[in-house]
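Look over the sequence and the model before reading on.

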Amino acid sequence: MLLYYQFFPFLEMAQMVCGSCRSLLSYPKGARNVQCSSCQMVNFVLEAHEIGQVNCGGCAVLLMYPYGASSVRCSSCHFITEIGVHNRRPPWSVIQGYPPPSPNPVQ
């Protein structure tokens with residue numbers, strides 16, 4: 001990735017943790033998929049307004065999931081937590097203080 005950045009220094013970079021091996025990955029902002037150089041897993045990149053949070057029903061660890069998912073499996077205890085109105089949290093972007101994007105931007 002460092003070589004890629006040397007040729008394109010104008011690109012803003014972002015980071016994420018691989019969903020398989022937990023390696024820290026760097027990638028150009030705007031990428032939709034990132035392949036891990038350690039385990040070769042292709043990770044789907046979500047923007048902050050596309051991520052929901054819920055506590056695991058088995059071990060209570062905080063889980064993140066793509067909005068619209070009906071359930072999420074915990075990577076620690078493998079419990080499947082149903083995503084319902086009773087346990088839904090606001091999007092990560094709202095928690096961080098960023099409002100979600102408006103559906104019809106004013107021009």
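On a 1 Å grid over the protein atoms alone, a pocket is an open set of points where a 1.4 Å probe fits, with protein on both sides within 12 Å along at least five of seven lines; lining residues have an atom within 4 Å of a point. Points join across faces, edges and corners, and a volume is the space filled by probe spheres set on them.

This is a predicted model: local features need pLDDT of at least 70, side-chain atom pairs count only at pLDDT 80 or more, and totals for chains, interfaces and linings use all residues. Residues are numbered from 1 along each chain as its sequence is written, and side-chain values use heavy atoms, without hydrogens or water.

**Pocket**

The largest pocket has a volume of about 1,200 Å³. Its lining holds 31 residues; Met16, Val17, Phe44, Leu46 and Met64 lie nearest the centre. Strands (DSSP E runs of at least two residues, numbered from the N terminus) contribute to this lining. E1 (13–17), E4 (42–44), E6 (62–66) and E7 (71–73) each supply at least two residues. E6 gives the most, five.

**Cysteines**

A disulfide is a pair of cysteine sulfur atoms within 2.5 Å. The count here is zero.

| Cysteine | Nearest cysteine sulfur | Distance |
|---|---|---|
| Cysteine 18 | cysteine 39 | 3.7 Å |
| Cysteine 21 | cysteine 36 | 3.6 Å |

Buried means under 20% relative accessible area, exposed over 50%, partly exposed in between (1.4 Å probe, protein chains only). Cysteine 18 is buried at 1%. Cysteine 21 is partly exposed at 33%.

Conventions
Helices (H or I, at least four residues) and strands (E, at least two) are DSSP runs, numbered from the N terminus.
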